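Please keep the sequence and the 3D view at hand while reading.

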Amino acid sequence: MHPSDKYRMACWTATVAGVFAIVVCALLAYDYSRRLVKDPLDSQAYAALKNALAQQPANETLKEQIRTLDLQLRREYFRQRAFTAVGAILLLAGILIFTFAAKAAVTLHRKLPQPQLLPPVADAEARWTPRARWAVAAMAGLLIALALGLSFTFRSQLPPTEGNPLVGGGSRRRSEEPASTVGGRSRLLQAEFPPADPEYARAWPRFRGAGGRGVSAYENIPTDWDVLAGKNVRWKTPVPLPGNNSPVVWKDRVFLSGADKNRREVYCFDAATGKILWTRPVPGPSRVPGVMEDTGYAAPTVAADGRRVFAIFADGALAAFDFDGRPAWSKDLGIPDNMYGHAQSLLTYRHLLLVPFDQGTAEQPKSKLYAFNSADGKIVWQVNRPVPNSWATPIVIPSDGCDLIVTAAFPWIIAYDLRDGTEVWRVKGMPPDTGASPTFAAGKVYAANDGTELSAIRPDGRGDVTATHVVWKGEDGLPDTCSVLADRRFVFLLDLTGALTCYDAEKGEVLWYEDFEDGFSSSPSLVGNHVYLFAKSGKCWVVEPTPEGCKRIGENQLGEPCVTSPAFQDGRFYIRGQTHLFCIGK
Amino acid sequence: MKRLRRVPCPRLRGHGKCRKRRSLPTRAWAGHRIGVGILFIVFLCISCRISPAAERFPPPDFTDHQLPATQAPAAPSPVYEYADLAFLIAALGLASYLAVRRRSRRGLFVLGIVSLAWLGFWREGCICPIGAIQNVTLAAFNSTYVLPLTVAAFLALPLIVTLFFGRTFCAAVCPLGAVQELVALKPLRVPPWLDQALGLLAYVYLGLAVLFSATGTAFLICRYDPFVGFFRRSMGADMLVFSLSFLVLGIFIGRPYCRYLCPLGVLLGWFSRISQWHVKIPPDRCIQCRLCEEACPYGAIRTPTTVQPPADHRRGRRRLALLIVLLPILIVLGFGLGWMLRQPLARLNPTVRLAERFYQEQTGRVQGTTGATDAFRNTGRPADALYAEARSLLGSFGLAGGLFGAYVGLVVGGKLIYLSVRRRRTDYQPDRAACVSCGRCFWYCPAEQALWKNNPAACGLATMPEKT
């Protein structure tokens with residue numbers, strides 16, 4: 001072949017390959033931009049079907065539709081990937097052919113220089129080195145400017161340390177903080193999260209307080225008050241909608257929920273004045289669940305984590321609001337299969353919102369325990385529980401360096417690892433229709449319910465520890481709905497008819513029992529050496545237990561029926577009656 | 001030692017003649033390039049085997065279908081490591097032979113393509129002597145990191161070979177160099193003053209790569225390798241734009257990555273300065289024909305110098321003294337600036353970034369969460385521990401940033417001093433630090449042509465060039 005023909009051929013090859021590479025590149029870019037706009041993983045149809053399935057979990061047609069669509073989406077996804085892979089190969093091949101052909105053409109067309117035509121330059125290096133020094137200096141100046149710019153632009157976003165407040169946000173961060181609004185709400189939203197353990201313990205973030213033990217962190221709580229005379233009553237505020245849930249308190253806010261057949265609401269009260277700061281409706285399914293009148297539509301107590309408050313209702317509607325009432329997220333867990341109505345309260349643990357969702361029957365249990373990320377509502381883990389519906393709220397306990405969540409339902413008391421929901425141990429010993437929540441004190445878990453026994457359990461086992469870790473058992477005074485109360489010395493059981501039974505925590509012997517001759521649904525609470533008892537009638541007793549007996553310290557009236565449990569804070573406590581929320585304190 | 005016979009250069013008598021004489025081998029070589037290219041593309045297609053990597057696609061979240069257990073891919077066979085090492089040794093030896101003794105540009109080009117095929121497309125750019133700098137650094141600063149011997153050898157061997165033969169690794173063994181050599185279709189000459197200034201960037205990049213490796217932050221060189229995406233046929237859109245830009249830039253500026261970014265190039269440049277048998281432009285003696293003056297697209301040919309006038313000489317000495325005095329000041333200034341850079345530098349560290357993001361989420365400064373913060377929450381680890389670790393790392397970055405700044409100050413000062421020292425040269429010579437021994441200049445040298453013309457059998461048997 002003549003050299004000029006070779007050159008021409010190389011030029012044509014390079015041109016064709018170059019155009020081919022550009023076309024492939026454009027197609028790939030188009031495909032990429034299309035994928036950016038329409039991601040098959042974010043299909044609206046898919047999301048709509050999933051939402052529909054949440055409403056109708058047993059709809060097999062929906063499930064089949066989802067499976068079909070899922071398969072289509074996956075096929076589309078992999079088709080796109082295959083397109084990209086083939087495109088990448090073609091592009092690379094095009095570039096390479098172009099490069100080799102162009103290289104050949106350049107080589108064929110290479111010419112020698114003709115230096116004779118240019119005047120010789122004497123000592124060219126001496127001419128460019130001064131300019132090079134200045135260029136190097138300019139480059140160094142550019143680097144210095146870049147360094148200064150970066151160092152002043154980027155500031156650490158770490159929290160400031162005590163010793164060096166400028167490490168971290170520093171003064172700039174402080175100046176960016178918004179001015180404090182009513183009640184220091186903005187400061188609360190800027191607070192550390194998850195809150196430190198002492199802060200969590202001081203608050204009353206869930207049913208029966210931090211840990212779910214019903215034990216007050218403060219001892220300066222009034223023992224006598226008179227609602228009618230206004231003695232030691234700071235305020236009382238009507239609650240718009242009914243609910244059998246108990247108050248939750250975080251610093252200057254008190255939270256409650258209320259619901260009827262048609263509405264679900266979350267309330268935030270000013271802890272100092274009782275004023276309702278905000279009321280937020282919670283959307284939910286249109287179908288009304290069947291519930292017992294004693295349970296109602298808002299039996300579960302809300303929970304708070306220092307940044308947000310969470311509420312769940314009888315129809316499975318779960319919602320999160322920040323402390324200023326802005327909706328954070330919401331979910332529909334579906335109407336629980338629970339003939340009495342859902343009543344298990346929510347728990348918070350560091351960044352997790354724990355939702356016990358026991359439902360179904362012993363033959364066909366559908367119970368689940370969810371751990372949601374409290375910030376965005378994403379499921380961190382969930383476990384299926386081998387138990388039917390129950391009404392007992394779990395507790396969180398420390399054990400062997402990891403924290404456990406202890407649940408009680410027929411027939412098992414089960415502890416799960418909070419990190420991933422793995423079951424750690426279980427003890428057989430709960431009756432059907434478990435309603436009383438367990439508690440934890442002095443290294444032992446106590447669980448009891450009418451129809452079985454009180455069990456004191458060491459929580460350091462693995463697997464089924466029924467035979468090995470139950471320290472002692474009791475048969476007297478078993479509760480129906482009132483949770484177990486315990487401290488280092490005593491274990492208290494309060495039954496439906498008002499009998500308070502006291503056990504020796506070490507030996508498991510019954511020390512005494514006291515009959516208050518009233519109906520009880522509210523769980524007993526411990527404040528220092530005093531036990532607080534709230535009867536259904538609205539009558540309240542404060543008693544001081546000793547190994548020998550029970551000394552009645554105070555007897556008070558709330559003025560309206562009460563089935564909820566109090567929330568204790570510094571010098572005061574909050575209790576929900578049938579229609580009002582009360583703040584009792586000096 | 002056998003000396004080459006001096007032959008008058010026919011090209012000096014007329015350009016046309018030269019072209020005629022040279023045309024045949026040139027065209028044969030061009031045809032060769034097409035052949036090599038076709039072979040290379042066939043190899044590439046063969047190498048495009050199906051990737052065994054698992055797809056990350058979320059499983060259906062409502063089904064009872066039991067997902068199969070995750071299968072970890074089998075560990076790669078050590079045979080490849082030894083094969084890579086054997087290839088490197090053979091390629092380095094062959095490249096040195098072809099550059100220094102045989103003086104074969106064609107051989108170097110073909111070897112470069114073979115290296116690109118093996119180390120680039122077949123081995124997907126890993127293992128790589130450039131990236132090995134980071135492994136060695138990490139091993140030096142982190143006692144828990146075990147440095148594979150192969151990786152150490154991949155860094156050490158090119159350095160050792162460079163100590164004897166110059167940067168023959170860059171000439172025909174480095175896949176990145178081969179890519180740039182391929183695409184250098186219309187290389188323009190960068191003005192030498194600009195070339196010197198841009199050369200600083202490679203030193204800065206080396207410093208940053210060492211800093212981030214030493215602190216266990218990132219392997220910067222691998223992350224921003226402009227060509228590894230082509231080798232693996234997989235890269236993000238941002239890297240694709242970056243890589244294509246480098247390719248297009250490489251058409252007009254010879255080896256931009258090697259000259260202005262390559263961290264290994266910095267080290268090889270240091271070693272090459274004192275190399276025993278560095279490649280020369282003329283095989284024997286320079287006849288000052290000036291044909292090679294513009295031949296090197298990499299700005300690596302240094303021209304002869306003249307004796308300075310006494311006034312210039314005195315001024316030069318004063319300048320040199322001033323710069324030597326300025327050097328410690330630049331180092332101290334660099335240390336201070338580097339220390340000030342600790343926060344932006346630490347921002348690249350995943351732990352520091354996680355801690356900052358986590359704190360922002362916790363204090364409501366940002367909305368939503370990231371995968372990293374979700375994962376951290378799932379560990380149940382206290383936030384304070386994360387913040388404490390991040391603060392400790394920030395302290396480490398203070399010292400590391402200071403040392404990095406001092407190093408950059410030293411480099412700038414050293415460069416200024418280097419540019420202020422006059423060197424006596426009577427011939428056209430390669431700049432030993434910048435020359436990549438690619439052999440482009442051979443074709444321009446009449447002495448080389450005379451050797452080929454008059455003693456073709458002796459081609460490749462040319463005497464070892466004298467040490468210059």
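## A residue in the core of chain B

In this predicted model, Phe169(B) touches Leu88(B), Leu92(B), Pro129(B), Pro158(B), Cys174(B), Leu264(B) and Leu268(B), where residues up to four places away in sequence are not counted. A second, separate core of 31 residues has among its members Ile221(A), Val254(A), Val542(A) and Phe568(A).

The largest nonpolar core holds 125 residues, and the members that touch the most other members are Ile130(B), Phe169(B), Phe227(B), Tyr257(B) and Leu264(B). Helix H18 of chain B, which spans residues 383–418, gives the most to this core, contributing 15 residues.

## Chain B as a whole

Chain B has 19 helices and two strands as its secondary structure, and of its 468 residues 53% are buried. When the contacts in chain B with a separation of 6 or more are considered, 82% of them are between residues 24 or more positions apart.

## Two helices that cross within chain B

A helix pair in chain B brings together H4, residues 129–141, and H13, residues 263–273, which pack with their axes 8 Å apart and at an angle of about 90 degrees. Because angles of 65 to 115 degrees count as roughly perpendicular, H4(B) and H13(B) are described as roughly perpendicular to each other.

On the side of H4(B), the residues Pro129(B), Ile130(B) and Ile133(B) meet Pro263(B), Leu264(B) and Leu267(B) of H13(B). The residues of this contact between H4(B) and H13(B) comprise six nonpolar, no polar and no charged ones. Two residues of this contact, Ile130(B) and Leu264(B), are also among the core members that touch the most others.

Helix H3 of chain A, residues 60–108, packs with helix H7 of chain B, residues 175–183, at an angle of about 55 degrees and with the axes 8 Å apart. This angle makes H3(A) oblique to H7(B). The contact is formed by Thr99(A), Phe100(A) and Lys103(A) from H3(A), together with Glu181(B), Leu182(B) and Val183(B) from H7(B). In the contact of H3(A) with H7(B), three residues are nonpolar, one is polar and two are charged.

## A covered strand in chain A

Strand E12 of chain A, residues 368–373, is mostly covered, with five of its six residues buried. E12(A) pairs with strand E11(A), residues 352–357, in the antiparallel sense over six bridges, and E12(A) also pairs in the antiparallel sense with strand E13(A), residues 379–384, over five bridges.

E12(A) and E13(A) form a hairpin with five residues between them, and Gly377(A) in the turn has a positive phi of about 80 degrees.

## A four-stranded sheet in chain A

Chain A also has an open sheet of four strands, in the order E23-E24-E25-E26 and with antiparallel pairing. Strands E23 (485–486) and E26 (510–515) of chain A stand at the edges, each with a single partner strand, so one side of each has no neighbour in the sheet. Strand E24(A), residues 490–494, and strand E25(A), residues 499–504, run antiparallel and are joined by five bridges. Within E25(A), Asp504(A) is the residue that stands opposite Phe490(A).

Conventions: Residues numbered from 1 in each chain as written. Chains lettered and ligands numbered in written order. Predicted model: local features only at pLDDT ≥ 70, side-chain atom pairs only at ≥ 80, totals over all residues. Heavy atoms only, no water. Axes fitted to C-alpha atoms, helices over the stretch in contact; angles between N-to-C directions. Parallel < 35°, antiparallel > 145°, perpendicular 65-115°, else oblique. Contact = heavy atoms within 4.5 Å. Nonpolar A, V, L, I, M, F, W, Y, C, P; charged D, E, K, R; others polar. Buried < 20%, exposed > 50% of the residue type's maximum accessible area, 1.4 Å probe, protein only. Pairing = 2+ DSSP bridges. Core = buried A, V, L, I, M, F, W, Y, C linked by side-chain atoms within 4.5 Å.
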